[in-house]
Amino acid sequence: MATRLRLNDGNTIPQIGLGLWQVPADITAQTVATGLRLGYRLIDGAAIYGNEVGQGEGFRQSGLPRDQVFITTKIWNADQGHDNTLRAMEASLARLGLDQVDLCLIHWPCPARDLYVDTWRALIRLREEGHCRSIGVSNFNAAHLERVIGETGVVPVLNQIEVNPRLQQSELRALHDQLGIVTQSWTPLGQGKSFDAPAVVAAAQRAGKTPAQVILRWHVQIGVSVIPRSTREAGQIENLDIFDFELTPEEMAALATLDEGVRCGPDPATFEMV
Ligand code: NAD
């Protein structure tokens, strides 16, 4: 059974969710509605994905009550700054057809532009005004986290960062634990690059699971929230079917050795795309 993680503002988030990056807008509603029918309760979207209309529509098609589905969106880099963020949130809510999201994240820090603290102040206001239940960040490193916390006193509930067996982010995850921030893994399957690693294959054979399931289970057992993407019903079922087995301490130790510190995505210290 999928569990929920506690956020530092008292709310909770499902440990597993469905990612929507690169899901074509014309199949997003159907993808989300299928996911919700299969048991996903967290849908990870973003303004830049261009599919918030489908994200909201898929939720409505599911027929589930609003408080049973956790909806995330993100403020895109071009919308950073206090007033821009307020406007971007209003536009996201209009596209989603909702009056509140469960979580809004700053998508990337874009440190050279130096607007992320103002953006964070806007998210604090949006939470106070009830437009977001919880607020967090994405792709923040230690310096970015320390700065928003130092300047506002408000600790993000979550930092969504790239985590997969080749990029385990142990140091940043330890800092999150100290600060009371939930880690959420993006590109959790690491573009399949560890699917044939002997440690993954051995655990998959022993447990009667696929390599993808072993890797998603590894995320669950290191205590993070994880948001794999699949538009295929079979893939969605496979990715959700990870709560009936456990990796042994030996298997977890073998998976820990796969860390190479190699990213699939951009480096947050230098990514400034708008
Ligand atoms: P992912 O690790 O979820 O992998 C998706 C790819 O793996 C797709 O090609 C999919 O077809 C394939 N796949 C899915 N399930 C599989 C399975 N069981 N077996 C084999 N292949 C499988 O990658 P992702 O979409 O990059 O990341 C997940 C989510 O994280 C995104 O959809 C998005 O919501 C979020 N994300 C956030 C950021 C950010 O900057 N905050 C960046 C990237 C992604």
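The shell around the ligand has 8 nonpolar, 11 polar and 3 charged residues by class. The model is predicted.

**Ligand shell**
- Of the 22 residues around the ligand, the nearest are G19, W186, L189, A212 and R229.
- Helix α9, residues 233-240, gives the most to this shell. Its share is 3 residues.

**Annotated domain**
- An unreviewed UniProt entry lists residues 16-259 as "domain: NADP-dependent oxidoreductase".
- Over residues 16-259, the chain is 45% helix and 15% strand.
- The end C-alpha atoms of residues 16-259 are 22 Å apart.

**Helices α1 and α2**
- Helix α1 spans residues 25-38. The axes of α1 and α2 come within 7 Å. They cross at roughly 35 degrees.
- The crossing of α1 past α2 is right-handed.
- On the α1 side, the contact residues are A25, T28, A29, Q30, T31, V32, A33, L36 and R37. On the α2 side, they are V53, G54, Q55, E57, G58, F59, Q61 and S62.
- By class, the contact of α1 with α2 has 7 nonpolar, 8 polar and 2 charged residues.

**Helices α2 and α3**
- Helix α2 covers residues 52-62. The axes of α2 and α3 come within 7 Å and cross at roughly 45 degrees. That angle makes α2 oblique to α3.
- From α2, E52, V53, Q55 and G56 take part in the contact. They meet S92, R95 and L96 of α3.
- The residues of the contact of α2 with α3 divide into 2 nonpolar, 3 polar and 2 charged.
- V53 and Q55 of α2 meet residues in α3, and V53 and Q55 also meet residues in α1.

**Helices α3 and α4**
- Helix α3 runs over residues 82-96, and helix α4 over residues 116-128. The two pack at an angle of about 45 degrees. Their axes are 8 Å apart.
- What is the orientation of α3 and α4 to each other? They are oblique, because an angle of about 45 degrees separates them.
- α3 passes α4 in a right-handed crossing.
- H82, T85, L86 and M89 make up the α3 side of the contact. Facing them in α4 are D118, T119, R121, A122, L123 and L126.
- The contact of α3 with α4 has 5 nonpolar, 3 polar and 2 charged residues by class.

Conventions
Residues are numbered from 1 along each chain as its sequence is written. This is a predicted model: local features need pLDDT of at least 70, side-chain atom pairs count only at pLDDT 80 or more; totals for chains, interfaces and linings use all residues. A residue is near a molecule or strand if its C-beta atom, placed from the backbone, lies within 6 Å of it. Helices (H or I, at least four residues) and strands (E, at least two) are DSSP runs, numbered from the N terminus. Ala, Val, Leu, Ile, Met, Phe, Trp, Tyr, Cys and Pro count as nonpolar, Asp, Glu, Lys and Arg as charged, and the others, Gly among them, as polar. Axes are lines fitted to C-alpha atoms, for helices over the stretch in contact, and angles run from 0 to 180 degrees between N-to-C directions. Angles under 35 degrees count as roughly parallel, over 145 as roughly antiparallel, 65 to 115 as roughly perpendicular and the rest as oblique. A crossing is left-handed if the near helix is turned anticlockwise from the far one by less than a right angle, and right-handed if clockwise. Two residues are in contact if their C-beta atoms, placed from the backbone, lie within 7 Å. UniProt positions are given in the numbering used here, feature names are shortened, and annotations may be inferred rather than shown by experiment.
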